[in-house]
Amino acid sequence: MSQVVLEARELSKTFASGAERIAVFSGLSVELAEGQSLALVGRSGSGKSTLLNVFCGLERPDTGVLALLGERFDYREPETAGQAEKRWARLRRRRIGVVFQEANLMPALSLLDNVRLRARLAQQPLDQCQAWLERLGIGELAERYPDQVSGGQRQRAALAMVFAMNPDLILADEPTGSLDRRTAEEVTAELFRLQAQTGVALILATHDPELAEQCGMTLDLAHGAPAGQAR
Ligand SMILES: Nc1ncnc2c1ncn2[C@@H]1O[C@H](COP(=O)(O)OP(=O)(O)O)[C@@H](O)[C@H]1O
Ligand SMILES: [Mg+2]
């Protein structure tokens, strides 16, 4: 039985809109184990990014319980914001890798130094960083700076950074949304290949049905109460 990485129970989130509050999701429950992949789908504005932000502690849901990687956040109870933030910061530094639509590399560092910085923050050995760039097919670009490579190559470097952390969970928010179709497919193939090889759990927000199909489970945020469906 593989280990549960993330368990969300009855999460709800609203945003203020003038005097009203708009529900982004309510009563949302989902579970993800080691090696599993979950696609968050739904039209623009359906709450995919908000949910990913909840899963890495950058947004606080109004209520619900979230257990991940040995930590438990009970949003039904008040918790000193500083305490929760410390626990979240540690998880993001060490165990949760986040990939955004645009690779957020440090412009003043080479691709290799970007990967090394990320590995160092996660307290991982630095001697694998070059190998991660090679596994992503950009080993020969290690000494280049982010502005000296293409968007697809930057996104490959962002993936190398995340895998070099040896994370337990990867959260990817439209990770190929800024790439042309062909490049997006290549980068996506690398992501799924390495996810299968490493056994890391993956949650991927996408509005692309073909990309979502490659995940083992889907959670549709556009259609009321979402249901995770196992393949
Ligand atoms: N900080 C915020 N304040 C108010 N409303 C927000 C905020 N962030 C997101 N929203 C709203 O929440 C809804 C979900 O947004 P988002 O999670 O970005 O959707 P998606 O990623 O699926 O496009 C949208 O209606 C958006 O306008
Ligand atoms: Mg979004």
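Asp-147 is exposed, with 67% relative accessible area (buried means under 20%, exposed over 50%, partly exposed in between, with a 1.4 Å probe and protein chains only). Asp-147 sits in the loop between helix H4 (129-135) and helix H5 (151-164); helices here are DSSP runs of H or I with at least four residues and strands are E runs of at least two, numbered from the N terminus. Its C-alpha atom is 7.0 Å from that of Pro-107, 40 residues away along the chain. The model is predicted, so to speak of a local feature takes pLDDT of at least 70 and of a side-chain atom pair pLDDT 80 or more, while totals for chains, interfaces and linings use all residues. Residues are numbered from 1 along each chain as written, chains are lettered from A and ligands numbered from 1 in written order, and side-chain values use heavy atoms, leaving out hydrogens and water.

On to the ligand. The shell around ligand 1 (residues with a heavy atom within 4 Å) includes Phe-15, Val-24, Arg-43 and Lys-48. Helix H1 (residues 48-55) supplies the largest share of that shell, three residues. By type, the shell splits into two nonpolar, six polar and two charged residues; Ala, Val, Leu, Ile, Met, Phe, Trp, Tyr, Cys and Pro count as nonpolar, Asp, Glu, Lys and Arg as charged, and the others, Gly among them, as polar. Oxygen atoms of ligand 1 come 3.3 Å from a polar backbone atom of Ser-46 and 3.0 Å from one of Gly-47.

Salt bridges (a side-chain nitrogen of Lys or Arg within 4 Å of a carboxyl oxygen of Asp or Glu) number 16. Glu-85 and Arg-92 meet at 2.8 Å, N to O; Glu-85 is partly exposed at 34%, whereas Arg-92 is buried at 18%. Asp-168 pairs with Arg-95 at 2.7 Å. Asp-168 lies in the loop between H5 and strand S7 (169-173) and Arg-95 in the loop between helix H2 (81-94) and strand S6 (96-99), so this pair ties together parts 73 residues apart in sequence. Arg-181 and Glu-185 form another salt bridge, at 3.3 Å, and both lie in helix H6 (residues 181-198), four residues apart, about one turn of the helix. Finally, Arg-156, Arg-182, Glu-186, Glu-190 and Arg-193 are linked in a salt-bridge network.

How values were computed
Polar contact = N/O pair within 3.5 Å; in protein donor to acceptor, adjacent residues only side chain to side chain.
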